[in-house]
Amino acid sequence: MPLLGGIRPPIAVLCVLILALAGLTAKVLGPGADSVVPEAVLTSQQHFAEDGAIALRASIDERVTDLERTATVLNAGAPAEPEKVLSDLGAAYQKWTGTTILDLESGDVLAARGERIPLAWLDDDVLTGDQALAPRMVRLETGDVRLMTMVVLDWKNQPQQLLIASNSLTVPDVSLGEFRTMSVVARDGEVLATAGFEQSEALNSDKQREELTFLRKQMSQLSDRAAEKTEQNPVSAKEPGSRGYPGVSGTLLGDDYNGRVTTAGYASLASSDPEDKKSVAAGLGLAVVAMLPVVQQQGAGGADRELFGLVAAGALVVLGLLAAAVLWGRVQRPLLRLFLESRRLARGDVTRPVDVPRWGEAARVGTALERLRGQLGGPGHEPDAGAGRGTRFGTGVPLALTAVLLLLWCVPVGLLLNRTDGSVSVPATMVNDQRDRTDLVADRVRRALNEAQTDLVSTARLIDADDAARTEQVLGDTLREHTRYQALYVVDDAGAVVARAGDDPHAWRDQKDGALVRVSGEGEKKPVIQAGAPVPDHQGTTLVGEVRIEFINSLLTRPGLGEVRVVDADARTLAANDGFLAFEKLSEDALPDLVRAASVQVGAGPVENGLLIRDGGDVTVAAAAPFSGGGIASDLGWTVVSWQNADHFEITAYEREDRSVLAGLLGLAAIVVCLGWIHLVVARPLRALAVSAEQLADGDLKTVHYPRYQDEVGAVVRSLELIRQQLQARRQSEARRPAESRPGAGGR
């Protein structure tokens with residue numbers, strides 16, 4: 001009989017799993033190597049750096065796109081004087097620190113505005129070849145680095161001109177909080193720009209100045225490490241199958257000073273969709289580093305946790321041994337006795353009575369074997385035919401008892417130990433980061449709406465409302481170029497549509513406040529966000545673009561922020577990163593109050609707010625950030641609100657709870673696997689064996705018994721088949737004896 005079959009392997013596996021789980025329990029529920037900073041805080045810094053990298057990449061790409069779009073508009077029109085070109089460019093876009101137009105043939109500067117742009121870096125490699133006119137980073141005489149963007153102005157019968165625009169690689173204009181600093185880092189680790197230290201310049205005490213010097217050194221060191229890490233391939237730098245930020249991002253730990261540890265997140269600039277859309281900024285080799293000093297986490301209750309882990313592991317071992325003893329005494333031993341007794345009877349040894357087990361299917365089989373022994377001619381009293389059949393409880397009883405013993409450990413550990421409630425301590429950093437990142441998302445949405453309206457202003461210059469065919473062609477080209485729009489159309493002063501492209505237009509009527517960004521579509525499936533721009537030289541004619549809600553939703557999708565929504569002044573939902581109903585109210589009672597509080601004018605304008613909401617056993621981190629910072633979108637009265645349950649954070653309390661639940665689930669899995677194994681390979685075949693043995697003892701000699709498994713039950717079945725053959729031969733022999741004893745039998 002093979003050792004891997006029958007009752008022994010599942011019991012052995014159960015013992016091994018219990019011991020392994022006990023060791024794991026002692027480790028994960030005992031004293032762990034708690035990091036000096038909660039993992040949730042580090043992850044938050046990584047997300048903050050990713051948000052900064054996204055904002056910087058979008059800003060650089062948008063500036064390049066705006067300059068290229070301006071060149072397209074200029075080249076399509078009549079030649080213009082260089083001074084007028086730069087004047088109109090500065091009036092439409094306030095993005096560049098300096099602009100210059102020079103003659104490509106002679107190299108003479110024709111016009112210049114703003115910061116002086118050096119021209120020594122211009123050579124044949126910049127103007128020709130595969131990388132011709134590609135944006136370049138150029139160092140000025142002052143040591144500052146500027147990003148130079150170039151386009152060619154080419155009119156018929158006019159010499160070609162080169163338009164150069166420079167802009168500084170500044171940190172995105174986002175809310176950094178009180179202690180966070182952010183830097184733009186070059187490929188070699190050089191810090192090109194930093195924001196956040198300005199708040200510390202007015203420090204007076206020597207101790208504060210020393211800490212500022214320490215933080216500056218930390219930023220330099222962490223930037224070097226981040227630059228080295230961002231050189232990795234984004235695919236190989238991530239876990240297999242992981243998604244999320246398309247570039248390289250991660251976290252770093254610096255040195256500690258005065259009880260605070262320097263934490264940092266880094267992220268390389270990467271295209272939002274590397275497969276479909278190339279990014280100019282992504283090819284510059286830049287990275288963003290966000291640094292925040294955090295108070296060190298104090299490990300509490302190390303000795304108590306060690307004792308707790310050992311007690312939990314010891315309890316599991318004791319209950320596991322009891323469970324194994326039940327299976328050994330109530331299932332394995334009776335089954336092995338049946339195997340030995342059935343083999344003895346099959347070999348013809350019927351002198352001794354069968355050792356019948358006390359209960360269950362084993363008792364039924366043993367009783368049947370004893371009756372068969374009597375039928376084979378064995379001495380002694382044959383038990384009644386109904387003996388043993390009244391046993392209702394079979395092998396399921398010890399299996400159930402085993403499950404109960406193990407559940408006595410799994411249920412308390414998984415459902416009761418290390419449970420958190422509404423009093424769990426959430427680091428203040430998480431609330432602050434939720435607020436600051438929500439403000440960053442609000443800034444992205446506001447800028448996107450401003451850019452959408454600015455694009456319409458630029459496109460409106462190409463429109464001749466008197467030529468509908470030409471206008472529709474311009475609208476179609478613009479719609480294909482800008483995926484943020486779902487429809488573009490031109491309306492006259494009466495609101496009639498003159499030309500259109502894309503989806504069916506919605507009504508656009510003059511309003512008293514003359515707002516150029518509006519919301520409509522109440523009662524429909526989705527809100528309709530419209531942006532407008534007056535068409536030059538056509539009084540009352542407006543170019544209207546409907547911004548896709550899906551585009552706004554994509555701006556709200558950021559990891560680690562939970563649910564994010566854009567709401568109007570009445571706290572009605574206009575866009576969300578998850579499913580929503582158009583114009584539905586916020587569900588949480590505290591969220592509308594948070595939105596109203598964020599809209600209150602404080603100083604120069606409304607400010608963002610963060611809130612920790614404790615409701616019963618739930619802890620929620622929420623934040624609201626109103627639109628502020630300039631542009632037409634600032635006057636909409638919209639707010640970005642975000643919230644998430646704190647149990648999503650990787651902080652110690654929730655990690656211990658998760659570990660306890662995991663230990664309980666692993667124990668439950670061991671119960672299901674091992675006891676299910678025993679039920680399938682032992683209990684069910686043993687029940688069928690009891691029925692077959694009783695039928696054989698009742699005189700059914702026609703049914704042939706085939707063993708289905710090569711184990712203890714299968715061995716008993718084989719012995720029953722041998723006993724059946726012996727009884728059949730014995731009955732045939734007894735039937736022949738009367739015939740042989742009659743007179744004349746056997747011939748003359």
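Helices (H or I, at least four residues) and strands (E, at least two) are DSSP runs, numbered from the N terminus. This is a predicted model: local features need pLDDT of at least 70, side-chain atom pairs count only at pLDDT 80 or more, and totals for chains, interfaces and linings use all residues. Residues are numbered from 1 along each chain as its sequence is written, and side-chain values use heavy atoms, with hydrogens and water left out.

**View 1**
Val 411 sits in helix H8. Its relative accessible area is 38%, so Val 411 is partly exposed. Buried means under 20%, exposed over 50%, and partly exposed in between (1.4 Å probe, protein chains only).

**View 1. Arg 180 and Asp 436 form a salt bridge.**
The N to O distance is 3.5 Å. Arg 180 lies in the loop between strand E5 (161-168) and strand E6 (181-185), and Asp 436 in helix H9 (residues 428-460), so the pair ties together parts 256 residues apart in sequence. Arg 180 is buried, at 2% relative accessible area. Asp 436 is buried too, at 1%. A salt bridge here is a side-chain nitrogen of Lys or Arg within 4 Å of a carboxyl oxygen of Asp or Glu. The structure holds 35 salt bridges.

**View 2. Lys 84 and Asp 88 pair within helix H3 (residues 82-92).**
Their side chains meet in a salt bridge of 2.7 Å, N to O. The two residues are 4 apart, about one turn of the helix. Asp 88 is partly exposed, at 33% relative accessibility.

**View 3. Strands E11 (residues 485-491) and E12 (residues 497-502) pair in the antiparallel sense.**
The pairing runs over 5 bridges. Strands count as paired if DSSP finds at least two bridges between them. Leu 488 stands opposite Ala 501 in E12. The two strands form a hairpin with 5 residues between them. In the turn, Gly 495 has a positive phi of about 90 degrees.
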